[in-house]
Amino acid sequence: MGTKGKVIKCKAAVAWEANKPLSIEEVEVAPPKAHEVRIQIIATTLCHTDAHMIHPQYEGAFFPVILGHEAAGIVESVGPEVTNFKPGDKVIPLYMPQCGKCKFCLSPHTNFCGKLRNFRNPFDDQKLMEDKSSRFTCKEKPIYHFMGTSTFSQYTVVSDTNLVKVDDDANLERVCLLGCAFSTGYGAVVNVAKVTPGSTCAIFGLGGVGFAAVIGCKLAGASRIIAIDIKSEKFARAKALGATDCLNPGDLDKPIQEVIVEITNGGVDFTFECVGGAKVMRAAMDSITVGGGLCTVIGVNVGDNGLNISAMELLMGRTLTGTSFGGWKGMESVPKLAADYKNKKFNLDALVSHTLPFDKISEAFDLMYQGKSIRTILLF
């Protein structure tokens with residue numbers, strides 16, 4: 001491409017401070033160094049994780065920063081010692097790195113990696129490259145990276161441990177969802193909870209992650225899939241994807257968990273909390289049956305004070321767990337998920353509610369905040 005080894009000037013959305021819209025700017029993207037890859041982002045989307053960083057109550061924020069962690073693109077150039085990628089490869093950035101050498105990567109029981117050292121605030125770990133510097137500059141100021149990906153930029157630089165190749169014929173406008181939303185919700189069902197045929201499930205929150213969980217429960221053979229959201233207009237899509245029941249807590253005269261326990265004769269086998277916040281986590285925990293019920297927490301809220309659990313709840317055979325990126329080890333699993341989509345095992349189109357040019361990223365955030373979107377694809 002003629003840009004190898006050179007600084008690239010391109011468009012990016014920069015977060016300069018909390019509680020302010022992102023600003024479309026021209027940024028400079030430096031060439032990749034050893035074990036780094038520079039990518040041209042083709043399609044990116046956004047989720048509430050990106051919004052957390054600019055939330056006024058989020059205490060771990062750092063600015064200025066280029067957000068974004070769910071995307072797909074094409075390799076523009078590679079740095080020294082990169083052996084797994086070449087210019088022209090279609091790729092998906094991974095916010096969960098995979099070095100392949102640490103005790104986590106070598107364990108079959110987790111998808112974490114030792115590159116993430118600050119487990120209380122994983123955002124903080126990947127705000128700079130391995131040499132503790134940034135590849136982004138704007139207005140002569142260095143700009144922080146985000147989650148090792150920073151996909152709200154037409155070009156970005158990532159570590160070769162934060163990237164996976166997909167087939168040359170992959171539809172980047174759809175497989176970008178494998179970078180977070182679909183993989184997280186679907187994986188929570190099939191990898192973490194391991195939903196069984198004939199079981200009963202309840203999904204709290206019908207965003208991209210929640211709808212992916214519905215798809216997972218359907219494919220796992222669940223006999224009853226209860227979808228819960230405060231936006232009833234989402235229910236038609238949920239039923240089309242396999243939900244058997246849809247409940248809006250605002251339409252009920254008693255707490256949602258009481259209704260679920262009542263209509264399932266004691267509670268469901270599996271719940272998936274895809275929203276965040278102590279109230280929803282409590283409802284999800286209260287909705288599982290004694291003697292083997294499993295509640296999987298996926299959603300996170302800014303300022304969340306956590307969940308109080310009594311010993312008796314656990315002694316009665318209820319289990320609480322959580323997951324990040326659906327338990328997938330990205331380098332092995334994402335290409336398989338992309339192949340499953342190509343072979344029509346599941347339909348990623350069902351998660352896309354809007355497609356907009358990248359310049360309208362503020363509109364995409366507004367749609368998300370208002371609960372009007374599932375996933376909005378932004379195209380450069």
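I began with Asp 359, which at 46% relative accessibility counts as partly exposed; buried means under 20% relative accessible area, exposed over 50%, and partly exposed in between (1.4 Å probe, protein chains only). I note that this is a predicted model, in which local features need pLDDT of at least 70 and side-chain atom pairs count only at pLDDT 80 or more, while totals for chains, interfaces and linings use all residues. Residues are numbered from 1 along each chain as its sequence is written, and side-chain values use heavy atoms, with hydrogens and water left out.

**Entry 1: salt bridges**

I looked up the partner of Asp 359 and found the side chain of Lys 11, in a salt bridge of 2.9 Å, N to O. The term requires a side-chain nitrogen of Lys or Arg within 4 Å of a carboxyl oxygen of Asp or Glu. Asp 359 lies in the loop between strand 16 (352-357) and helix 10 (361-369) and Lys 11 in strand 1 (residues 8-14), so the pair ties together parts that are 348 residues apart in sequence. Helices (H or I, at least four residues) and strands (E, at least two) are DSSP runs, numbered from the N terminus. Lys 11 is partly exposed, at 31% relative accessibility.

I then turned to Lys 139 and Glu 25, whose closest N and O atoms are 3.4 Å apart in a salt bridge. Lys 139 sits in the loop between strand 6 (136-138) and strand 7 (141-143), and Glu 25 in strand 2 (residues 23-29), so this pair ties together parts 114 residues apart in sequence. Lys 139 is exposed, with a relative accessible area of 57%, whereas Glu 25 is buried at 14%.

A search of the whole structure gave 18 salt bridges. I also recorded a network of salt bridges that links Lys 33, Glu 36, Asp 131 and Arg 135.

**Entry 2: helix 7**

I examined Arg 282 and Asp 286, which form a salt bridge with their closest N and O atoms 2.9 Å apart. The two are four residues apart in helix 7 (residues 278-286), and are therefore separated by about one helical turn. Arg 282 is partly exposed at 22% relative accessibility, and Asp 286 is partly exposed at 25%.

Which residues of helix 7 are buried? They are Met 281, Ala 283, Ala 284 and Met 285. Among the elements covering them I listed strand 10 (200-204), helix 6 (256-263), strand 13 (270-273) and helix 8 (311-315).

**Entry 3: nonpolar cores**

I took a nonpolar core to be a set of buried Ala, Val, Leu, Ile, Met, Phe, Trp, Tyr and Cys residues joined through side-chain atoms within 4.5 Å. The largest has 97 residues, and Phe 152 and Phe 272 have the most contacts inside it. Helix 4 (residues 208-220) supplies the largest share of this core, eight residues. A second, separate core of 16 residues includes Ile 226, Ile 260, Met 281 and Met 285.

**Entry 4: two single residues**

I located Arg 174 in helix 2 (residues 172-175); Arg 174 counts as buried, at 16% relative accessibility. Leaving aside neighbours within four places in sequence, I found Arg 174 in contact (heavy atoms within 4.5 Å) with Tyr 341, Leu 348, Asp 349, Val 352 and Ile 377.

Gly 266 lies in the loop between helix 6 and strand 13 and is partly exposed, with a relative accessible area of 32%. Not counting residues up to four places away in sequence, Gly 266 touches Val 261, Ile 288 and Thr 289.
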